[in-house]
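The structure is shown first, and the notes follow by topic.

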Amino acid sequence: MNTKEILRYLGYGRHEAKEQVLVLIEACVRELERAAVPKSIYKEYPLSFYGEEGIDCCAFQTCSKALKKNLKDCQSVLLFGATLGTGVDLLLHRYNRLEMSKAVVLQAAAAAMLEDYCDQMNEELEKKYEEKGLYLRPRFSPGYGDFSLECQPALLGGLEAGKRIGITLTDSLLMAPSKSVTAVIGISRIPGTCGMRSCQDCEKRDCAYRRT
């Protein structure tokens with residue numbers, strides 16, 4: 001994993017980390033690699049638009065100006081889900097009780113690990129679809145901009161994510177295992193940058209974790 005990404009999640013920005021922090025990161029990465037069982041799933045659905053901001057992916061319908069902009073010139077979408085598995089949650093829970101400083105670093109490292117795994121899967125999908133003359137748009141997850149978290153149940157249902165890779169939802173729409181992600185990926189016949197890293201698509205400019 002990229003240590004810079006872990007430091008970004010820890011809020012270091014452009015500041016240098018002390019040697020003991022880097023040593024702790026290395027130890028946490030080793031533990032995460034033993035605990036994590038990454039899995040992902042995707043499924044393609046047709047796409048249509050209605051009204052000014054309406055989006056119909058068959059699996060769910062929503063109104064989102066940000067998502068509609070992201071899906072411009074697309075005729076279908078991939079619903080995508082990924083998780084690091086329950087072993088990571090158990091590891092985080094253990095250190096939340098035993099060693100909070102290590103738990104904080106583990107949280108950051110797990111977030112970076114999940115994002116790196118999603119990028120790898122995204123690259124594979126991008127190559128697969130380009131062989132068909134199709135191009136992917138950036139991943140766009142519920143919670144970005146005005147893309148409502150209320151879409152999570154239908155999105156996960158459209159993937160059968162609970163049965164296939166073990167992702168479920170709490171009553172407050174939090175995913176379990178906690179290090180899981182869902183996203184919508186547009187498919188177009190018009191070339192465009194895939195831009196898997198999402199900061200450029202987020203409207204929150206003052207985020208402490210924003211990539212420069």
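The notes below proceed from the overall fold to individual residues.

The model is a predicted one. Its protein chain comprises seven helices and nine strands. With a radius of gyration of 18 Å, close to the 17 Å that the globule rule gives for 212 residues, the chain is as compact as a globular protein of that length.

**Overall fold**

- The C-alpha trace of the protein chain spans about 55 × 35 × 35 Å along its principal axes.
- Of the 212 residues of the protein chain, 45% count as buried.
- Among contacts in the protein chain with a separation of 6 or more, 72% are made by residues 24 or more positions apart.

**Helix α2**

- Helix α2 covers residues 19–35, and its 17 residues should span 24 Å at 1.5 Å a residue; the end C-alpha atoms are 25 Å apart, which agrees with that expectation.
- The buried residues of α2 are Val21, Ile25, Cys28, Val29, Glu31, Leu32 and Ala35.
- These buried residues pack against three other helices, namely α1 (3–9), α4 (86–98) and α5 (100–130).

- A pair of aromatic rings is described by the distance of the centres and the angle of the planes.
- Three aromatic pairs are present in the structure. In the pair formed by Phe140 and Tyr144, the ring centres are 5.3 Å apart and the planes stand at 80°; because an angle over 60 degrees counts as edge-to-face, the pair is assigned to that class.
- Phe140 and Tyr144 belong to one aromatic cluster together with Phe60 and Phe147.

**Ser180 in strand β9**

- Ser180 lies in strand β9, which covers residues 180–188.
- The relative accessibility of Ser180 is 8%, and the residue therefore counts as buried, the cut-off being under 20%.
- A polar atom of the Ser180 side chain lies 2.7 Å from the backbone oxygen of Pro177.
- Leaving aside residues up to four places away in sequence, Ser180 touches Ala82, Thr83, Leu114, Ile167 and Met175.

**Two exposed loop residues**

- Lys72 is placed in the loop between α3 (65–70) and β5 (74–83).
- At 55% relative accessibility, Lys72 counts as exposed, because the cut-off for that class is over 50%.
- Lys72 and Leu91 are 19 residues apart along the chain, and their C-alpha atoms are separated by 41 Å.
- Leu174 is placed in the loop between β7 (168–169) and β8 (175–176), and at 55% relative accessibility Leu174 also counts as exposed.
- The C-alpha atoms of Leu174 and Leu149 are separated by 9.0 Å, although these residues are 25 positions apart along the chain.
- Leu174 touches Thr168 and Leu169, not counting residues up to four places away in sequence.

Notes:
Residues numbered from 1 in each chain as written. Predicted model: local features only at pLDDT ≥ 70, side-chain atom pairs only at ≥ 80, totals over all residues. Heavy atoms only, no water. Phe/Tyr/Trp six-rings, centres within 6.5 Å; stacked < 30°, edge-to-face > 60°. Helix = DSSP H or I, 4+ residues; strand = E, 2+ residues; numbered from the N terminus. Expected span 1.5 Å × (residues − 1). Buried < 20%, exposed > 50% of the residue type's maximum accessible area, 1.4 Å probe, protein only. Contact = heavy atoms within 4.5 Å. Polar contact = N/O pair within 3.5 Å; in protein donor to acceptor, adjacent residues only side chain to side chain. Rg over C-alpha atoms; globule rule 2.2 N^0.38 Å.
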